[in-house]
Amino acid sequence: MKNLSVVGIVAVFLLVVTGLTGLAYHTFREDGWLSLLFDYPVLLLALVVLIVAGCLMPLKESKTPLRSRIVPNLIFYLMVAAGVYFTGHLVMTGTL
């Protein structure tokens with residue numbers, strides 16, 4: 001039973017790493033998401049505002065213990081979901 005737990009932890013870790021790698025690849029490659037944002041300045045401004053608000057929100061609501069756990073868990077599960085997506089895409093198409 002302990003070996004199964006270790007395998008699950010390693011699988012989740014690999015999904016998070018795959019998610020981060022896929023997001024970084026699609027963001028920084030030539031004709032990637034970052035270059036697309038610079039083509040549309042309104043979209044870039046909206047993304048900057050959302051990032052700043054997202055960084056300030058946990059600081060403002062850090063007094064409630066439930067809220068302080070939601071943001072890290074949400075980020076973790078989004079990375080796992082991205083890892084599942086990019087792993088499936090890699091298996092089905094052969095490219096990241």
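Val10 is found in helix α1, where a helix is a DSSP run of H or I with at least four residues, numbered from the N terminus. The model shown is predicted, so local features need pLDDT of at least 70 and side-chain atom pairs count only at pLDDT 80 or more, while totals for chains, interfaces and linings use all residues. Residues are numbered from 1 along each chain as its sequence is written, and side-chain values use heavy atoms, without hydrogens or water.

Val10 is partly exposed, at 42% relative accessibility; buried means under 20% relative accessible area, exposed over 50%, and partly exposed in between (1.4 Å probe, protein chains only). Together with Val6, Phe13, Leu14 and Val17, Val10 makes a nonpolar surface patch of about 440 Å². Such a patch joins nonpolar side chains within 5 Å, from residues with over 30% relative accessible area and no salt bridge (Lys or Arg side-chain nitrogen within 4 Å of an Asp or Glu carboxyl oxygen); areas are Shrake-Rupley values with a 1.4 Å probe.

Helix α1 covers residues 2–28 and also holds His26. His26 has a relative accessible area of 12% and therefore counts as buried. Beyond its neighbours within four places in sequence, His26 is in contact with Gly32, Trp33, Phe86 and Leu96, contact meaning heavy atoms within 4.5 Å.

A pocket is an open set of points on a 1 Å grid where a 1.4 Å probe fits, with protein on both sides within 12 Å along at least five of seven lines; lining residues have an atom within 4 Å of a point. The largest pocket holds about 520 Å³ of space, the volume filled by probe spheres set on the points. Of its 14 lining residues, Leu47, Ile51, Ile75, Leu78 and Met79 are the closest to the centre. Helix α4 gives the most to this lining, with six residues.

Note on methods: Helix = DSSP H or I, 4+ residues; strand = E, 2+ residues; numbered from the N terminus. Patch = residues over 30% accessible without salt bridge, like charges linked within 9 Å, V, L, I, M, F, W, Y side chains within 5 Å.
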